[in-house]
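Here is a short briefing on a predicted model. Please keep the structure open while you read.

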Amino acid sequence: MRQSATHIYDAQRKISGHPGASTPLHRITDAKTIAAHRKAMCAKVHNPNPSNYDCDEYPFAASKEGGNARRGSTRIISAGDNRSAGARLGGFYKSQRVLNGDAYYVHIK
């Protein structure tokens, strides 16, 4: 998940307020809102090979802070990397009992 981690690391430094690093992200669980966040961030991003690459967005679509192109970042990364990172995020939510509205931080080392 090197590509995803690099994207998060770069985005946290670029975006004012450093969401997820200096200020927390807040989980959302509404599927329609998550889909809308993803669409808002990735709809205009050109993906040259959709079968092998995904649009990665940060802050995450499943966060209250996601979906705002003016305060977010997108990057085309390998589909496998992006989906592994998404699965790991879902596992984090479950194992740490991060519920709808809960705050959390994202630290990339």
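Cys55 is buried, because its relative accessible area of 16% falls under the 20% cut-off. Its partner is Cys42: the two form a disulfide, with their sulfur atoms 2.0 Å apart. As this is a predicted model, the values below are computed from its atoms.

**Disulfide**

- The count comes to 1 disulfide.
- The bond between Cys42 and Cys55 links distant parts of the chain. Cys42 sits in helix H2, Cys55 sits in strand E2, and the two are 13 residues apart.
- Which hand does the disulfide of Cys42 and Cys55 have? The torsion about the S-S bond is about -75 degrees, so the disulfide is left-handed.
- Cys42 also counts as buried, because its relative accessibility is 16% and the limit for buried is under 20%.
- In general, a disulfide is a covalent bond between the sulfur atoms of two cysteines.

**Largest pocket**

- The largest pocket holds about 680 Å³ of space.
- It is lined by 25 residues, and the closest to its centre are Ile8, Phe60, Ala85, Gly86 and Leu89.
- Which elements each supply at least two residues of the lining? They are helix H1 (2-14), helix H2 (31-42), strand E2 (53-58) and helix H3 (79-95).
- H3 gives the largest share of that lining, with 8 residues.
- By residue type, the lining of the largest pocket divides into 15 nonpolar, 5 polar and 5 charged.

**Aromatic contacts**

- The model has 4 aromatic pairs.
- One of them joins Phe92 and Tyr93, with ring centres 6.0 Å apart. Their planes stand at 45 degrees, so the pair is tilted; stacked would need under 30 degrees and edge-to-face over 60.
- Phe92, Tyr93 and Tyr104 form one aromatic cluster.
- Is Tyr93 buried or exposed? Tyr93 is buried, because its relative accessible area is 6%.
- Phe92 is partly exposed, because its relative accessible area of 30% lies between the 20% and 50% limits.

**Charge over a ring**

- Which residue lies over the face of Tyr9? Arg13 does, at 3.6 Å from the ring centre.

Definitions and conventions
Residues are numbered from 1 along each chain as its sequence is written. This is a predicted model: local features need pLDDT of at least 70, side-chain atom pairs count only at pLDDT 80 or more; totals for chains, interfaces and linings use all residues. Side-chain values use heavy atoms; hydrogens and water are left out. On a 1 Å grid over the protein atoms alone, a cavity is a set of points where a 1.4 Å probe fits but cannot get out, and a pocket is an open set with protein on both sides within 12 Å along at least five of seven lines; lining residues have an atom within 4 Å of a point. Grid points are joined across faces, edges and corners, and a volume is the space filled by probe spheres set on the points. Helices (H or I, at least four residues) and strands (E, at least two) are DSSP runs, numbered from the N terminus. Ala, Val, Leu, Ile, Met, Phe, Trp, Tyr, Cys and Pro count as nonpolar, Asp, Glu, Lys and Arg as charged, and the others, Gly among them, as polar. A disulfide is a pair of cysteine sulfur atoms within 2.5 Å. Buried means under 20% relative accessible area, exposed over 50%, partly exposed in between (1.4 Å probe, protein chains only). Rings of Phe, Tyr and Trp (its six-membered ring) pair if their centres lie within 6.5 Å; planes under 30 degrees apart count as stacked, over 60 as edge-to-face and the rest as tilted. A charge sits over a ring if NZ of Lys or CZ of Arg is within 6 Å of the ring centre and within 35 degrees of the ring normal.
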